[in-house]
Amino acid sequence: MATKSFDMPLPALQRGKACLRCRKRKMRCDGVKPTCQQCVRAKKPELCQYDDGKTKTKTQVLRENIERLEQRIKELEDPDYVPPVVSLQYPQFHRRSDSDSSSSTDSPESTVFSTPRSPFLPSATSSPQEPWIQFHMSPSPAPSDPCQVTQQPSAEFAQILVDTFAPHRHQCLFGLHIGRLRDSFTKPLSEQHHPVLTNAVFLWACYLSRPAPLSEHEYHFLSRALEALSDGLQRNQYILDVIQASCLLSLYFLSNGRAIEGSCHATTAASLAVQCGLHGVMTGQTAFESLGAFSPCRLDQPKDAIEQGERILAFWQVFIIDRCWSAILQKPAIIPDGPEGCLSVIMPWPQSMKEYELGQINGYHLFSTTFSYLEDGVSRLGDSFSPMTLRIKASVLFQHAHHLISRWEQRRRLDHTDYLSTTDNYVGLTLPNTFSDEFQALEQAISRFLSSQIPIHQLDSAMPEDRQACITAYTLANVAMVNLNFSLGDADPAAYEKCVRAARCCVSMIDYIAETDYEFLDPVLGPCWSFVVDALVRDLYTIEASWPLVSSADVRHEIGTMLYAMNNLGKRFPSVAYSLSKLQKRLSGI
């Protein structure tokens, strides 16, 4: 009689010693190498792999070979290709079995990140196997260990990054002396800028290099700048570095569409600038000292005219960001401009760095309030026509238009009235006297400012930096007029016409922007151009709803011109590309 063959039960195997296939299928494994009985019976010996933490699995070896071959192919296709500094591995390939969790923690196989051709100098406290980038925030060191919050790049690599950033520094309104910044990397750490600022500069260099290989370091420098921020706030001597770094971080986040983070850093920069008395830098006193109170972060006297100029430029950098982006983000401005006392901004108009190198610093102006700016007129606040000065004046007009129209909208809601007047000779808005006077004063100030600018047709002959600054200033001032009259235009024909005329002035500017200019334009133009498109779209609806029918071809062409400009700027700044996609979706049905 035939006997049945029974399989003997397999002996219990130590936890973690089973092959990967049996683990996945939850089968009893005998642990035989190179192929266990379960895989032999299934006729899948090639899938029998063991992960004991000591040797690489077949899959690991294959993946590593594939990655190595892919890198080699890229190097052969592009002689200028630089292999990525960060080589990411699949985390499961470095997971230890339960029985071997504590072994070989310092071996090369246990390192998640590798650092081929790393441009960073090894830290005195780190081993060669430790990665220079970590995807987590490590705590800042104690204040007794200055500037050691991050592993610094080599002096040579740092200078390359600064050289990459330098042509674009005006986009960020950055005012440090570039030559001194480059030279500082060869000096002792105690004489260098705080890592929060240098890493913010490096971040922008990488960001502006997209999609070049240098951009692969972008996340590293962002994480290092954020990590160094808390350390910089603990050291009063680096307060200016923190302020400038916060400006760079703010613009980085805003241009990438991360509005909340950008707003947070802009607020930090503006608050610290006022707190340390940077808005009264020429007086040598902080706002707290002028009130007789304790000053938590007093600024030391500048060493020379260049350092004084850097402080002047740093303040105006903060001021412009505060004024422009507070209006765009619908939040109050932080830097006060009261009529007198500690809330006044006592600051010379900005000058070029060459003038500061020669020791030429203009006398200060009492830049008291937006009201006095509008009341006195542009010409009485100084005769400086530097590119940054134009940006400041346009920013004041831009923010005040937002502030005034916001007050008007609130007043109209509270009064439950549209202030609409209809008579035989007039149909439009009748504003309260206070608002009427302020609206007229602001419109006159905008008109004065625009009449003082270089004529548009002469921009082709201007230097690139001057042309780009004029484009931004001209756009901000015209968009101030657009925003001032947009909501009023629904009920007031005169306001409607002013709004459309200002929008078309912005359209006419686009023809004078060279293709090479887009790479150097201020990211604030993205939201401004969105406002212009809104005004033009409303005009398009009005034209196509009118009777008798009127051709809308011109307005459609103007909208197309603005979308073309936004598309070019969106190649550099993701926030603009996102706004463009929303506009295109909105226009798809028209």
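Colleague: Contact means heavy atoms within 4.5 Å. On that basis, which residues does glutamine 244 touch, leaving out residues up to four places away in sequence?

Modeller: This is a predicted model, to begin with. In it, glutamine 244 touches Leu176, Leu197, Ala314 and Gln317, with residues up to four places away in sequence not counted.

Colleague: Where is glutamine 244 placed?

Modeller: Glutamine 244 is in helix 8.

Colleague: And is glutamine 244 buried or exposed?

Modeller: Glutamine 244 counts as buried, because its relative accessibility is 3% and the cut-off for buried is under 20%.

Colleague: Let's go to helix 4. Which residues of helix 4 are buried?

Modeller: Helix 4 covers residues 155–165, and its buried residues are Phe157, Ala158, Gln159, Leu161, Val162 and Phe165.

Colleague: What covers the buried residues of helix 4?

Modeller: The cover includes helix 5 (178–184), helix 6 (195–208), helix 7 (218–233) and helix 8 (239–255). Helix 8 is also where glutamine 244 sits.

Colleague: New topic, helix packing. At what angle do helix 9 and helix 11 pack?

Modeller: Helix 9 (residues 259–275) and helix 11 (residues 305–328) pack at about 130 degrees, and their axes are 9 Å apart. Helix 9 is therefore oblique to helix 11.

Colleague: Is the crossing of helix 9 and helix 11 left-handed or right-handed?

Modeller: The crossing of these two helices is left-handed.

Colleague: Which residues meet there, helix 9 against helix 11?

Modeller: From helix 9 there are Ala266, Ala269, Ala270 and Ala273; they meet Val318, Ile321 and Asp322 of helix 11. By type, the residues of this contact are six nonpolar, no polar and one charged.

Colleague: Why the spacing of three or four along a helix?

Modeller: An α-helix has 3.6 residues a turn, so residues three or four places apart point the same way.

Colleague: On to cysteines. How many disulfides are there?

Modeller: The count of disulfides is zero. Cysteine 528 is in no disulfide, and the nearest cysteine sulfur is that of cysteine 324, 7.0 Å away. The cut-off for a disulfide is sulfur atoms within 2.5 Å.

Colleague: Is cysteine 528 buried or exposed? And cysteine 470?

Modeller: Cysteine 528 is buried, with a relative accessible area of 0%. Cysteine 470 counts as buried too, at 7% relative accessibility.

Colleague: Where does proline 548 lie?

Modeller: Proline 548 is in the loop between helix 18 (525–544) and helix 19 (553–570). Tryptophan 547 and proline 548 are joined by a cis peptide bond, with omega about 5 degrees.

Technical notes
Residues numbered from 1 in each chain as written. Predicted model: local features only at pLDDT ≥ 70, side-chain atom pairs only at ≥ 80, totals over all residues. Heavy atoms only, no water. Axes fitted to C-alpha atoms, helices over the stretch in contact; angles between N-to-C directions. Helix = DSSP H or I, 4+ residues; strand = E, 2+ residues; numbered from the N terminus. Parallel < 35°, antiparallel > 145°, perpendicular 65-115°, else oblique. Left-handed = near helix turned anticlockwise from the far one by under 90°. Nonpolar A, V, L, I, M, F, W, Y, C, P; charged D, E, K, R; others polar. Buried < 20%, exposed > 50% of the residue type's maximum accessible area, 1.4 Å probe, protein only.
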